[in-house]
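Dear colleague,

I am passing the structure on to you below, together with notes on what was found in it. Please read the notes with the model open beside them.

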Amino acid sequence: MARRTLALPVLALTALMAAAPLAQAQQGHPSQERARAAAARGELRAAQIEWRNAVRALPDDPQIRAALARASLDLGDGETAEREARAALERGLDPAAGTALLVRAYLVQNKARELLADFPQTETPPAAAAQVAVGRSMAQLLLRDIPAARQSAELAERLAPEAMEPGMALAEVLLAEGDRAAAEARLDRLLAAHPTASEARLRRGTLLLERGAVAEAIASFGQVIERNPGDIPARLRRAEALLRANDAAAAGRDLDVVLTGAPNSATGVYLRAMQLASQNDWAGADAALQRLGPQVTNFPDGLLLQALAKGGLGQAAQAEDAARRHVARNPDDPRGAKLLASMAMAAGRHEEAAAVLSRATQNRPRDAVLYEALARAQTAAGRPAEAVPAMEEAVRIAPDDPALLTRLGAARMAVGDNAGAEQAVRRALELGPPQAGAREMLVAGAMARGDLEAAAAEMAKLDEAARRGEMAGVLEGTLRLLRLDLPGAKQAFEQVVARHPGSVGGRLGLTRVLVQQGAVAEAVPLLATVLREQPSNAEALSRLSTLARAEGPVAQAALAAIAGVQASRPASAPLALAHANLLLQRRDPAGALAVLDTPALRGQRGAALPLARSELHAAAEQFSLAESAAREALAEDPTSVAARRQLAALLLRGGDKRGAETLLRQGLRENPGEPVLQQALIGLLLQDGGQEAALAEARRRSTAPNAPATAQALHGDLLMTLRQPQQAAEAYAAAQARAPSGTLAVRLAGALQAAGKAADAERGLAAWVAANPGDAVALNLLAQLDLVAGRLPQAEQRLRRVVAMTPENAVALNNLAWVLGEQGEAKMPEARAFAERAYYLSPNVETADTLGWILARSGETRLAVELLRRAIGPGSQPGARYHLAYALHQAGERAEALEVLAPALAEGTAFGERAAAERLRATLTSSPR
């Protein structure tokens with residue numbers, strides 16, 4: 001743990017008030033010698049006791065009284081020091097020396113205001129007046145009156161120019177003014193004039209320690225200790241410096257001296273706790289901190305150290321409480337935030353961890369680890385987009401850290417910024433040494449952009465150890481899967497699972513292969529295993545739910561698998577919700593309610609579970625219970641749009657139209673641009689008050705000042721619903737003129753098309769894209785218009801830009817593959833690469849048809865037939881049937897080709913390839929059997 005310089009209450013200011021040298025006490029009592037010997041050994045408590053004995057024997061000796069006062073000051077016993085200093089002055093002690101002692105006693109007790117009241121400034125006698133001025137300067141610094149402190153220190157120096165104390169006071173003023181260099185220079189001059197001045201050398205060492213010159217500070221403290229082995233403040237400071245230098249053993253020896261002489265020294269006990277903590281002796285550190293009791297909060301890092309000690313002992317609740325209190329006291333200290341966040345992360349409270357770390361970054365501290373921790377928390381909380389700027393800030397602070405650059409690459413890749421990820425990773429590889437996973441990210445990036453050759457080249461650069469790693473194995477399997485080498489992909493994923501039995505990526509990859517091979521039943525137990533280990537794994541849950549929504553034995557097995565996993569994880573809300581949703585789809589709302597209505601889920605916070613119960617009660621026509629559950633969901637999360645809409649719908653069904661409208665309007669006051677609530681309100685008005693009321697509301701919201709884009713489109717959206725596209729286009733155009741946006745540009749183009757003004761739609765959209773080239777949605781729509789018009793080169797150009805901006809857009813990838821494939825054999829290899837990516841990202845009938853048709857025309861008949869069979873089913877497009885018939889004809893399957901082709905041509909449906917399909921039928925029927 002990085003440590004701040006400790007605040008040593010006695011040393012910080014009062015050491016600067018060392019009195020002028022005291023005359024030696026008169027000889028005459030043995031306690032005096034014993035007191036000096038004890039002080040030399042650092043046994044301050046014993047020294048104080050012996051000086052007390054000497055005072056009892058010689059009560060009128062001012063030097064003995066002064067010695068007792070000084071010994072008490074060394075122990076931090078300001079009350080005794082004040083009493084004895086007054087007694088010494090009354091018995092004739094030198095006024096300068098006595099005043100210095102008395103002023104120090106006030107400061108030790110934090111009696112700054114009392115000091116200023118009890119010691120008015122005079123200028124005679126000069127020596128004593130100088131000590132008063134020094135004391136007043138220290139008191140004024142404590143009260144943060146820096147100008148007054150400077151005046152007092154300058155007066156002290158004028159009154160006693162040769163004395164050490166005024167110079168030290170001025171050094172403190174310079175520090176308070178922020179001029180550290182001047183303060184250090186003044187201390188250097190003081191030491192040149194007073195080479196044996198322990199207080200000045202001690203302060204110089206403290207400044208060295210504060211600016212990180214630890215070795216020099218240790219040497220400075222050592223000089224003080226060499227002259228006076230019993231100097232407790234010097235040993236405390238050296239112990240702290242030694243701990244900063246990771247020399248716990250040497251620090252412990254200094255602390256042994258301190259705690260022998262001053263066993264109740266709070267600073268000594270605290271440093272002992274630090275020493276033991278640095279040696280992982282958490283029990284010892286905790287015991288030391290318990291000795292301090294409430295005093296632990298007097299130290300800047302006290303609660304932080306307590307949190308570490310409690311954590312080391314496994315006392316998580318106490319550790320978190322101490323960390324939370326430290327963060328509350330020190331909101332700008334990134335160390336506390338990182339510690340508290342790590343505890344929250346360990347407990348699975350990722351949102352809380354991200355919030356703690358985010359608050360700690362408000363003043364933009366130069367702490368790369370803090371920002372990296374924030375990025376991890378944001379990722380764990382399901383907000384990868386917010387992790388990216390956090391990692392970018394970490395790299396800005398430490399631009400040459402290859403590990404941070406590699407993690408930045410991972411963060412960018414998680415949000416689809418493959419170009420940015422590659423840039424960061426290549427920079428990390430330049431700096432070296434190669435970080436784990438860096439080269440693998442380059443492979444993944446190349447695959448994401450469809451450059452399988454580059455991906456294979458990067459894979460070849462991995463050393464043998466890396467190639468046997470989990471990530472490399474998953475990438476190898478994925479690369480083979482993208483190339484449709486299903487046996488090779490299966491073997492690669494099976495090797496990953498064999499080498500890394502807990503590999504989620506390996507199991508998920510294997511399920512993708514099995515599904516593509518048609519071995520769906522084998523995928524079910526693999527997906528169930530992933531969910532048992534990671535109940536929140538979205539891909540596994542989605543794939544298993546998709547299988548369960550089908551028909552037949554596999555669907556039953558998938559549903560049973562989800563039920564089994566959910567039973568083993570009864571507190572997992574995502575699993576329970578998925579299970580309940582599947583039961584509802586099977587028209588079993590009672591069974592779905594039974595899944596959600598369990599003790600493990602009833603006590604959970606949030607809107608998701610009560611909202612799901614409301615929907616299930618409504619499906620079972622239990623409307624009163626549905627309304628109660630919807631109210632519970634909204635109470636859990638007043639910002640939940642789904643809960644508000646559900647409750648409004650139930651109120652409307654029950655005849656409470658005013659209540660439903662009030663509920664929706666309240667939600668829109670808090671979130672004026674929420675499209676779901678807007679549509680719900682307009683729908684309610686349309687149902688209750690007719691078109692005019694609904695149109696009036698939509699028009700009002702569309703034209704409201706500062707209305708967001710979704711609200712601006714509301715009037716046009718309603719007109720489109722009412723099948724008035726020309727009026728809708730006019731409404732969208734008016735809104736676009738008021739506040740241009742991509743949303744409105746796309747809506748306007750759609751309305752113009754519906755109104756039969758395709759040319760106008762295209763011109764307007766093209767103008768928008770020209771002015772806003774980064775609008776991928778508008779650009780994609782423009783490419784669709786090119787496709788409809790048969791302008792393949794223009795569509796290709798635009799789709800390439802869309803794919804570059806949204807590399808995981810399976811629809812755009814599939815369209816680009818089709819466009820390339822239709823432009824001739826020369827572009828077929830590139831068409832295949834894009835089609836493979838589209839099919840990998842979204843294996844459905846459309847992507848299977850595109851890829852299969854490209855493979856059929858490239859001569860890869862076996863794979864083509866396999867894929868094109870998957871594109872055929874109830875309601876298949878005639879073109880897909882033609883493609884399969886073409887591939888079957890290539891494979892010599894004449895009879896099946898005719899059987900597949902017949903429905904497409906019998907329907908008499910017009911489709912772009914009908915003429916080619918008819919020629920194929922003629923060829924098939926004229927061929928010899």
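**Salt bridges within helices**

The side chains of R914 and E918 form a salt bridge, with 3.2 Å from N to O; the term stands for a side-chain nitrogen of Lys or Arg within 4 Å of a carboxyl oxygen of Asp or Glu. Because they are four residues apart in helix 56 (residues 914-926), R914 and E918 are separated by about one helical turn. Helices here are DSSP runs of H or I with at least four residues, numbered from the N terminus. R914 counts as buried at 19% relative accessibility, whereas E918, with a relative accessible area of 34%, is partly exposed; buried means under 20% relative accessible area, exposed over 50%, and partly exposed in between, with a 1.4 Å probe and protein chains only.

Before going further, please note that this is a predicted model, in which local features need pLDDT of at least 70 and side-chain atom pairs count only at pLDDT 80 or more, while totals for chains, interfaces and linings use all residues. Residues are numbered from 1 along each chain as its sequence is written, and side-chain values use heavy atoms, with hydrogens and water left out.

A second pair of this kind is E836 and R832, whose side chains meet in a salt bridge of 2.7 Å, N to O. These residues are four apart in helix 51 (residues 828-841), so about one helical turn separates E836 from R832. E836 is buried, with a relative accessible area of 5%, and R832 is buried as well, at 19%.

In helix 9 (146-159), E154 and R150 lie four residues apart, about one turn of the helix, and their side chains meet in a salt bridge at 2.9 Å, N to O. Here E154 counts as partly exposed at 39% relative accessibility, and R150 is partly exposed with a relative accessible area of 24%.

Over the whole structure, a search finds 72 salt bridges. Salt bridges also link E422, R426, R439, E458 and K461 in a network.

**A buried arginine without a salt bridge**

R894 belongs to helix 55 (residues 894-906). This residue is buried yet has no salt bridge, and the nearest side chain of opposite charge, that of E893, is 10 Å away; for charge, Lys and Arg count as positive and Asp and Glu as negative, while His and the chain ends are not counted. What lies beside the side chain of R894 instead? A polar atom of that side chain is 2.7 Å from the backbone oxygen of L924.

**Backbone geometry in loops**

Most residues other than glycine have a negative phi, and most peptide bonds are trans. T124 and P125 are joined by a cis peptide bond with omega of about -20°, and P125 lies in the loop between helix 7 (112-118) and helix 8 (126-142). G432 and P433 are likewise joined by a cis peptide bond, with omega of about -5°, and P433 is placed in the loop between helix 25 (418-431) and helix 26 (438-448).

Although R144 is not a glycine, its phi is positive, at about 65°. R144 sits in the loop between helix 8 and helix 9 and counts as exposed at 57% relative accessibility. R587, also not a glycine, has a positive phi of about 60°; its place is in the loop between helix 35 (573-585) and helix 36 (589-596), where R587 counts as exposed at 74% relative accessibility.

**Helix 23**

The 14 residues of helix 23 (residues 384-397) should span 20 Å at 1.5 Å a residue, and the end C-alpha atoms are 20 Å apart, which agrees; the expected span is 1.5 Å times one less than the number of residues. Buried residues of helix 23 include A387, V388, A390, M391, E393, A394, V395 and I397. Among the elements that cover the buried residues of helix 23 are helix 22 (368-380) and helix 24 (402-414).

**Confidence**

The mean pLDDT of the protein is 88, and 96% of its residues reach 70 or more; pLDDT is the predictor's confidence in each residue, from 0 to 100. Over residues 1-27, pLDDT stays under 50, and for this stretch the model has 89 contacts beyond four places in sequence, a contact being heavy atoms within 4.5 Å.

How values were computed
Helix = DSSP H or I, 4+ residues; strand = E, 2+ residues; numbered from the N terminus. Polar contact = N/O pair within 3.5 Å; in protein donor to acceptor, adjacent residues only side chain to side chain.
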